[in-house]
Amino acid sequence: MAKLLVMKGISKTFFGVKALKDVDFDLDRGEVHVLLGENGAGKSTLIKVLSGAYGFDSGSIEIDGRRVEPSRFGPSLAEEWGIVTIYQNFHVVPHLSVAENLVLPGFAGGGPLIRWGTVFRRAKETLATLDFDIDLHARVKDLSVSKKQMLEIAIALSKNAKILIMDEPTAALSEKEVEILFSAIARIKARGIGVIYISHKLEEIKRIGDRVTVLRDGSTIATVDPKTTGTEELIAIMIGKAMSSRGERVLLEAGENFLEVERLQNRNFPEPISLRLRANEILGVTGLVGSGKTELARAIFGIDRLVSGRLLLGGSPIVVTSPRDAVLRGIGYLPEDRDECGLCLNMGVKENMTLAFLSRLRSFLFSHSGERRSVQNIVDAIAVRTPGLSQQVKYLSGGNKQKVVLGKWLMADCRLLILDEPTIGIDVGARSEIYELIRAFARKPGRSVIFISSDMDEILEISSRTLVMSRGRIVAELDPGTSSKHEIMQYSLGAKQKDIA
């Protein structure tokens, strides 16, 4: 029988960087084919190509025997051909009922009046085919996470899906809810629908996956049987047996406790989180997508409101209910998306670097000369390559943009720097310079850094101590000098457990 999906030699380039390099992937009817790989391996890009969100530069795609024409293929045609994606974040209308959500894709109106009998009949038929027990009259906002997941699947299948893409579907589910989802997937397979399943959880991959294709650095590395491939082997395929070379580790002498996080909790964490950061320490925090590392940074900086817990800085309790509170207490935050959240792209270098420093430049009148002198000193010190201080930052390279964000917090004279993926999209040379800037900051008296990264090589290179997060929890505390990337990956994937002191 012909394959349901065949992707051959798919390549995709963004601004000169190859995100996909001759990737091969196929899917049979009634199969769960798992896509596995580290962050940045190319999984999301491949799925967006298949769902029509991205075009592709070369290669070919055949869906149920029909060849895709790249110039015509887009999200609407992909859905028409039976490709439906269920993302980690729910795409339902919370204030409508279950029945209303189910019929929205092909609205059962037929005129200016809504035929409610038709709406509920069609919704009931859809749920019955899946054996899902959901109250059709219930508001979606009142459903449990697992019920919402069921609704997403039902909506997808109401679109006559042939290929169902599930992106981290169990990220927010309890064990009981996972069992419900797996039962639903079994029924979907029995109907001959192919499932592309993206997950980092090796235990569930082995349980429901028929095949696993591993991507690394945008290339297809291997396709294996998860039932006969051991966990160690899967991890080795993901990260590569040969460890990439690291620069010389520079150890900083850590001092007394500087930041203490005591039983911090909000909606992003299944249980309270506690950690300690010493003075002059670079604390590495790593984990896979959805592990909670960014949410931890946002909670400390006051972006996401706390439900409970407290923060101590320099031994004294502090209240941080907003980013303004954090800045006033000497905390700086470099967000993962520097262009969207860390910079004002249409403003100049000077204006961006003084955003967190304006109050110190004020006397009776704003001092433009004082602003320029202060910025020029920092620009020279951290070697920002710019034609001038008025240069709009959108025209700078990635490395120089990142230096501008760092410079902003250096000007603000913050005591604690929280850096979320500070080297993402930055070339090797600029990365080395940024490492040195971070180390120089951490050496100063009364300074510390929380360095968050999915790049486990750089975590091992720069951090004094490493925390590994998985599913909203800190699951391990490691010494980078005696740990390996392989060990970190084991904790990240839940294949290994360690008690935290």
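Glu477 is partly exposed, at 25% relative accessibility, a class that runs between buried (under 20% relative accessible area) and exposed (over 50%), computed with a 1.4 Å probe on protein chains only. Its side chain forms a salt bridge with that of Arg465, at 3.5 Å from N to O; the term covers a side-chain nitrogen of Lys or Arg within 4 Å of a carboxyl oxygen of Asp or Glu. The pair links distant parts of the chain, with Glu477 in strand 20 (residues 473-478) and Arg465 in strand 19 (residues 465-470), 12 residues apart. Arg465 is buried, with a relative accessible area of 6%. Strands (E, at least two residues) and helices (H or I, at least four) are DSSP runs numbered from the N terminus.

The model is predicted, so local features need pLDDT of at least 70 and side-chain atom pairs count only at pLDDT 80 or more, while totals for chains, interfaces and linings use all residues. Residues are numbered from 1 along each chain as its sequence is written, and side-chain values use heavy atoms, with hydrogens and water left out.

**Salt bridges**

Side chains of opposite charge can pair when their charged atoms come close. The whole structure holds 26 salt bridges.

| Pair | N to O distance | Relative accessibility |
|---|---|---|
| Arg29 and Asp64 | 2.3 Å | Arg29 33%, Asp64 30% |
| Arg278 and Glu281 | 3.5 Å | Arg278 23%, Glu281 0% |
| Glu477 and Arg465 | 3.5 Å | Glu477 25%, Arg465 6% |

The salt bridge of Arg29 and Asp64 ties together parts that are 35 residues apart in sequence, because Arg29 lies in the loop between strand 2 (17-27) and strand 3 (32-36) and Asp64 in the loop between strand 4 (58-63) and strand 5 (66-67). Arg29 counts as partly exposed, and so does Asp64. In the second pair, Arg278 is partly exposed, whereas Glu281 is buried. A network of salt bridges links Lys3, Asp26, Asp28, Glu31 and Arg211.

**Nonpolar cores**

In soluble globular proteins, nonpolar side chains tend to be buried together. A nonpolar core here is a set of buried Ala, Val, Leu, Ile, Met, Phe, Trp, Tyr and Cys residues joined through side-chain atoms within 4.5 Å. The largest has 62 residues, and those with the most contacts inside it are Leu259, Ile418, Val449, Ile450 and Phe451. Helix 15 (residues 428-443) gives the most to this core, contributing six residues. Leaving aside neighbours within four places in sequence, Leu259 is in contact (heavy atoms within 4.5 Å) with Leu275, Arg276, Leu277, Ile300, Leu312, Leu313, Leu416 and Ile450. Another core, of 61 residues, lies apart from the largest one and includes Val98, Ala154, Ile205 and Leu478.

**Helix 17**

Helix 17 (residues 485-492) is largely enclosed by the rest of the structure, because eight of its eight residues are buried. These are Lys485, His486, Glu487, Ile488, Met489, Gln490, Tyr491 and Ser492. The cover over them includes helix 8 (231-239), strand 13 (282-286), helix 16 (456-462), strand 19 and strand 20. Just after helix 17, Gly494 takes a positive phi of about 80°.

**Second largest pocket**

A pocket is found on a 1 Å grid over the protein atoms alone, as an open set of points where a 1.4 Å probe fits, with protein on both sides within 12 Å along at least five of seven lines; lining residues have an atom within 4 Å of a point. The second largest pocket has a volume of about 350 Å³, the space filled by probe spheres set on grid points joined across faces, edges and corners. Its lining has 20 residues, of which Glu79, Val84, Thr85, Tyr87 and Lys159 lie nearest the centre. Helix 2 (75-80), strand 6 (83-86) and helix 5 (145-158) each supply at least two lining residues, and strand 6 gives the largest share, four residues. The lining divides into 13 nonpolar, four polar and three charged residues; Ala, Val, Leu, Ile, Met, Phe, Trp, Tyr, Cys and Pro count as nonpolar, Asp, Glu, Lys and Arg as charged, and the others, Gly among them, as polar.

**Backbone angles**

Most residues other than glycine have a negative phi. Arg263, in strand 11 (residues 257-265), has a positive phi near 50° and is exposed at 54% relative accessibility. Asn280 has a positive phi near 60°; Asn280 lies in the loop between strand 12 (273-278) and strand 13 and is buried at 16%.
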